Amino acid sequence: MDARLTALRQAMTQILPDVAGVIGLKCGPAGSNAPHLFQKERPEELADLALWPKYPVPDTLRLLQKAHPEAKLAIICRGCEERGLVEMAKHTQVNLDNVTMIGLACTPEEATFCRCARPYTVQAQITVGERTAGVPDPVTDDFAAKGQEEKLAFWKEQFLHCIKCYGCRNICPQCFCNVCTLEDEKWVSTGWLPMPLPPMYHLVRAMHMTAKCVACRECEETCPAGIPMAIHYRLIARDVQEMFDYETGASLAEKPPQLLVLAEGEFERTGLPH
Amino acid sequence: MLEYRNVLTICPFCGVGCGLNLQVLDGKVVGVLPAKMHAVSQGGLCVKGWNAHAFIYHQDRLTQPLVRRHGKLVETSWDEALALVANRLSEIKAQFGADSITFLSSAKATNEENYLFQKLARAVIGTNNIDHCARL
Amino acid sequence: MAEPKIISFLCNWCSYRGADTAGLARLQYPPNVKIIRVPCSGRVSPELVLRTFREGADGVLVLGCHIGDCHYSTGNHRTAKRLPILIKLLEYTGIEPQRLRVDWVSAAEGQRFATIIREFTETIRALPPFTEAMQWTRD
């Protein structure tokens, strides 16, 4: 039995009387699990608390807050989910003032599955589970080492199978735009499979994930075609770190680089003529 | 009262039968989440599955039968609608024969509904003209 | 081999005037570049550049005011924040990153404008047409 479950149940039992509910994962029928709002009226549901596979719960918080902005809530979140909440707060999509974060540390297996560099929370008020070190990302590293033609051939093979389900966008904890560029016919044409090249959907999405991707890997998990699109987002995240010294979701105080003017030294690091 | 849960169900569209979760907020379906442990969908969904909730409260959704009177569609009762259809089908069958009527079914209907539908076509009307939306 | 097709986005206040200056001085440069005037280089979004490639451009050139000289004060900061990432993304997709060039030309720099056009046209001429690589191939 996962020791984290016991610790979580304890933390939840303590906090449930003070909040409208705690967002976590609940076991459902046939071995499924899904996000759920645990509430003090139904303490028996705590027995069904689940941990894996994970779901991007930041969007659940956003949904709840849109309908009930004043509600005090708690949320069980892993490292990536906390990063997602922090970024959403910076974009004024969630309000973290009334939210207690219960940080859940990932196991080494879970970290390896997500190829995660930071499988633990840094800001959560309560933490559960033993912190494990971040793991390298061999998939992204191997891809980066490929030559130019190899890279193009790789993506052509992958995007051939894309069915434009929009799953990667729908599941992303950072995709909250009411009017989505990917649904605009000016940029992304509809009605063609395989999509005409260049793959506008994926390239525009990758650009919009700049300084937003929290490396949760939900996009890859939900893709019915198994396309490893996170490779693009993670490579861009490395450039964002290098050029703008910005780590997505690390700190509430740091504003995203695109919202600011060029800082000292940034222009030189962009690689543009200067 | 603030309430949020997910309900595991099957996508109502094609015959694959992907599992998905309907997100229910305060008693209303607000979205879809994939079902990661489902044997068929395995956490993936097609674009129709992702929008399987969209028709529930859609403003264009029919809630009453509509009958065409003087070129305009107007709301009517189920009794009147069914009587009209039954009478007209009998008239057409008598005038033009059973094979002048064709039946188009749907992947959204259950196996049981499709069985009844073809029974209606073959046993009641007496025609083999039955087909399916997937062939359109 | 067909002549390279290049689209250039020039900001109204600096680089477009720079092009005018080149014209007034009767400077020679290759005719492959078609100019689109925009209010500011910061207006040039990644989607716009990608669509330009999709519509058949072999190369895209974005010329703005020098940093610090933007008519809208910090419009070209947007350029400097977004387009370097797009250049990287092209590289990560296996598209030659030199197909997209961002540079800064002031209204008085007619000579510099002509030089950049000349250089960029030769860079793109050395590459295959963009649409050649953008074909689905099945084994």
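The model is predicted, so local features need pLDDT of at least 70 and side-chain atom pairs count only at pLDDT 80 or more, while totals for chains, interfaces and linings use all residues. Residues are numbered from 1 along each chain as its sequence is written, and chains are lettered from A and ligands numbered from 1 in the order in which they are written.

**Chain C as a whole**

Chain C holds five helices and four strands; helices (H or I, at least four residues) and strands (E, at least two) are DSSP runs numbered from the N terminus. Along the sequence these elements follow the pattern β-α-β-α-β-α-β-α-α. Chain C has a radius of gyration of 15 Å, close to the 14 Å that the globule rule gives for 139 residues, so it is as compact as a globular protein of that length. That radius is taken over C-alpha atoms, and the rule is 2.2 Å times the number of residues to the power 0.38. The C-alpha trace of chain C spans about 55 × 30 × 20 Å along its principal axes.

Of the 139 residues of chain C, 51% count as buried, meaning that 20 or more other C-beta atoms, placed from the backbone, lie within 10 Å of the residue's own. Two residues are in contact if their C-beta atoms, placed from the backbone, lie within 7 Å. Among contacts in chain C between residues at least 6 apart in sequence, 80% join residues at least 24 apart.

**The sheet and its helices**

The four strands of chain C form an open sheet with parallel pairing, in the order β2-β1-β3-β4. Two strands pair if DSSP finds at least two bridges between them. At the edges lie β2 (33–38) and β4 (100–104) of chain C, each pairing on one side only. On average, neighbouring strands of this sheet are turned by 20° against each other, direction ignored. Within the sheet, β1 (residues 6–11) and β3 (residues 59–64) of chain C run parallel and are joined by five bridges. C:Leu10 has C:Leu63 in β3(C) as its bridge partner.

Helix α1 (residues 15–24) of chain C packs on the sheet, where it touches β1, β2 and β3 of chain C, and its direction makes about 110° with that of β1(C). Axes are lines fitted to C-alpha atoms, for helices over the stretch in contact, and angles run from 0 to 180 degrees between N-to-C directions.

Helix α1(C) also packs against helix α4 (residues 110–125) of chain C, at an angle of about 95° and with the axes 7 Å apart. That makes α1(C) roughly perpendicular to α4(C), a term for angles of 65 to 115 degrees. Here C:Ser15, C:Gly18, C:Ala19, C:Thr21 and C:Ala22 of α1(C) meet C:Gly110, C:Phe113 and C:Ala114 of α4(C).

**Contacts of chain A**

In contact across the chains are 32 residues of chain A with 29 residues of chain C, and 29 residues of chain A with 22 residues of chain B. Helix α6(A) gives the most to the side that touches chain C, with six residues. On the side that touches chain B, the largest share, five residues, comes from β2(A).

The table divides each side by class: Ala, Val, Leu, Ile, Met, Phe, Trp, Tyr, Cys and Pro count as nonpolar, Asp, Glu, Lys and Arg as charged, and the others, Gly among them, as polar.

| Side of chain A | Nonpolar | Polar | Charged |
|---|---|---|---|
| Touching chain B | 16 residues | 11 residues | two residues |

Technical notes
Angles under 35 degrees count as roughly parallel, over 145 as roughly antiparallel, 65 to 115 as roughly perpendicular and the rest as oblique. A residue is buried if 20 or more other C-beta atoms lie within 10 Å of its own, exposed if 12 or fewer, and partly exposed in between; C-beta atoms are placed from the backbone.
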